[in-house]
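Hi everyone, thanks for having me. Please bring up the sequence and the model on your screens, and we'll walk through them together.

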Amino acid sequence: MAGLATGQGLGRPFLYPPGSSIGPTREKDMMKELPLPSVTSSAWEDGYLPKACYDVARNAIPAMTSADFEVRNLRFSDCSLGSWAVCRHKGSGASWDLITGALGRIPVGMRQDFANLIVLTDAHGCAFVTGGPSIVVSRGCLTVGVLAHEGSHILDCYTLLPLVRENGYPDQCYSSTNMWLGAYKKDSYVVTTYANTNQLENFAEVGTFALSHFTHPGGLGAYASNWTKISNQMGNYQARLENIMLPESGRCTHKVPTTPAVNFNGEAASKRDVESAEMKAFKREDKCNLSK
Ligand SMILES: [Zn+2]
């Protein structure tokens with residue numbers, strides 16, 4: 001969510017200001033309506049973590065260390081092709097149930113392109129995308145809506161890259177191509193205040209509302225009739241991404257691998273170390289209790 005504002009922004013009228021009730025209402029509905037696959041969880045051996053988490057720890061403000069993380073592999077029942085290595089700051093206050101409840105509700109076609117998820121304290125800001133591509137999120141921002149926003153950045157700049165290339169563009173995010181800007185120009189509104197930051201944030205804000213549009217009975221129209229003021233942007237997002245986010249099979253088609261395992265000095269774990277870590281993790285595997 002947090003991202004450096006670049007330039008002067010889009011300067012358009014918007015549908016929903018900060019604090020609009022549609023945010024919490026959508027979140028409540030997504031928690032109720034999006035299916036949650038079951039999950040098995042296994043801890044990484046002490047002393048190792050994914051490189052993306054190591055890099056975040058090294059650059060974090062306020063300062064933290066690799067040892068502040070607890071790392072677990074989460075394996076969801078809708079994807080047998082890989083697992084999600086999640087780094088949880090031990091002081092974040094985020095329980096594993098909260099983490100799996102938000103991450104697991106992200107449709108598998110979006111979730112499969114997250115390398116790692118990194119959960120920090122609220123002192124570390126809200127959320128952003130980093131290497132992998134991985135998502136960094138604080139406890140207070142750990143919601144389905146925020147993960148769908150960050151996930152949309154990954155769809156925009158990573159998942160859609162083959163399409164961008166096929167259409168003759170150099171490597172760039174989809175939201176900076178005319179494939180997107182053409183639809184944007186046909187509308188006169190953006191969805192939220194934050195969408196005015198730039199096209200990257202505009203696309204990601206359309207994306208989080210798109211998740212409701214695709215999955216809530218009646219779509220966005222069930223919340224507010226004014227959404228049609230962004231219907232060209234929403235229609236473009238839907239045409240490009242609905243089938244990718246929500247594959248007909250309901251299952252992943254791949255899983256972007258976790259960033260490589262490193263030790264607390266940032267050195268690549270040797271193959272033997274990784275194998276032994278995986279073996280130990282396997283022995284400690286246990287079921288997360290997700291019933292509330
Ligand atoms: Zn963003």
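Let me begin with a term: two residues are in contact if their C-beta atoms, placed from the backbone, lie within 7 Å. With that in hand, take the contacts in the protein chain with a separation of 6 or more: residues 24 or more positions apart account for 71% of them. Please keep in mind that this is a predicted model. The protein chain has 292 residues, and 43% of them count as buried. It holds 10 helices and 11 strands.

Let's start with a helix, α8, which covers residues 199-215. How far apart are its end C-alpha atoms? They are 24 Å apart, and that agrees with the 24 Å that 17 residues should span at 1.5 Å a residue. There is a bend in α8 too, of about 30°, at Phe209. Is α8 enclosed or open? Of its 17 residues, 15 are buried, so the rest of the structure largely encloses α8.

Another covered helix is α2, where 7 of the 9 residues are buried. Among them are Lys51, Cys53, Tyr54 and Asp55. If you follow the chain on from α2, you come to the loop between α2 (51-59) and β4 (69-76), and Pro62 is found there. Look at the peptide bond joining Ile61 and Pro62: it is cis, with omega at about -5°.

Gly132 and Pro133 are also joined by a cis peptide bond, here with omega at about 0°. Where is Pro133? Find the loop between β7 (127-130) and β8, and you will see Pro133 in it.

Now move into strand β8 (residues 134-138), which contains Val137. Is Val137 buried or exposed? Val137 has 27 other C-beta atoms within 10 Å, and the cut-off for buried is 20 or more, so Val137 is buried. Leaving aside residues up to four places away in sequence, Val137 touches Val119, Ala127, Leu142, Val146, Leu147 and Glu150.

Why does Arg105 count as buried? Because it has 22 C-beta neighbours inside 10 Å. Which residues does Arg105 touch, not counting those up to four places away in sequence? They are Met30, Met31, Leu34, Leu36 and Val144. Pro37 is 68 residues from Arg105 along the chain, and 7.6 Å separates their C-alpha atoms.

My last stop is a pair of helices. Two packed helices are described by the angle between their axes and the distance between the axes. For helix α7 (residues 178-186) and helix α9 (residues 231-245), the angle is about 150° and the axes are 7 Å apart. Angles over 145 degrees count as roughly antiparallel, so that is the word for α7 and α9. On the α7 side, Trp180, Ala183, Tyr184 and Lys186 make the contact, and on the α9 side it is Asn232, Gln233, Gly235 and Asn236. By type, the residues of this contact divide into 3 nonpolar, 4 polar and 1 charged.

Terms used. Residues are numbered from 1 along each chain as its sequence is written. This is a predicted model: local features need pLDDT of at least 70, side-chain atom pairs count only at pLDDT 80 or more; totals for chains, interfaces and linings use all residues. Helices (H or I, at least four residues) and strands (E, at least two) are DSSP runs, numbered from the N terminus. The expected span of a helix is 1.5 Å times one less than its number of residues. The bend at a residue is the angle between axes fitted to the seven residues ending there and the seven starting there. A residue is buried if 20 or more other C-beta atoms lie within 10 Å of its own, exposed if 12 or fewer, and partly exposed in between; C-beta atoms are placed from the backbone. Axes are lines fitted to C-alpha atoms, for helices over the stretch in contact, and angles run from 0 to 180 degrees between N-to-C directions. Angles under 35 degrees count as roughly parallel, over 145 as roughly antiparallel, 65 to 115 as roughly perpendicular and the rest as oblique. Ala, Val, Leu, Ile, Met, Phe, Trp, Tyr, Cys and Pro count as nonpolar, Asp, Glu, Lys and Arg as charged, and the others, Gly among them, as polar.
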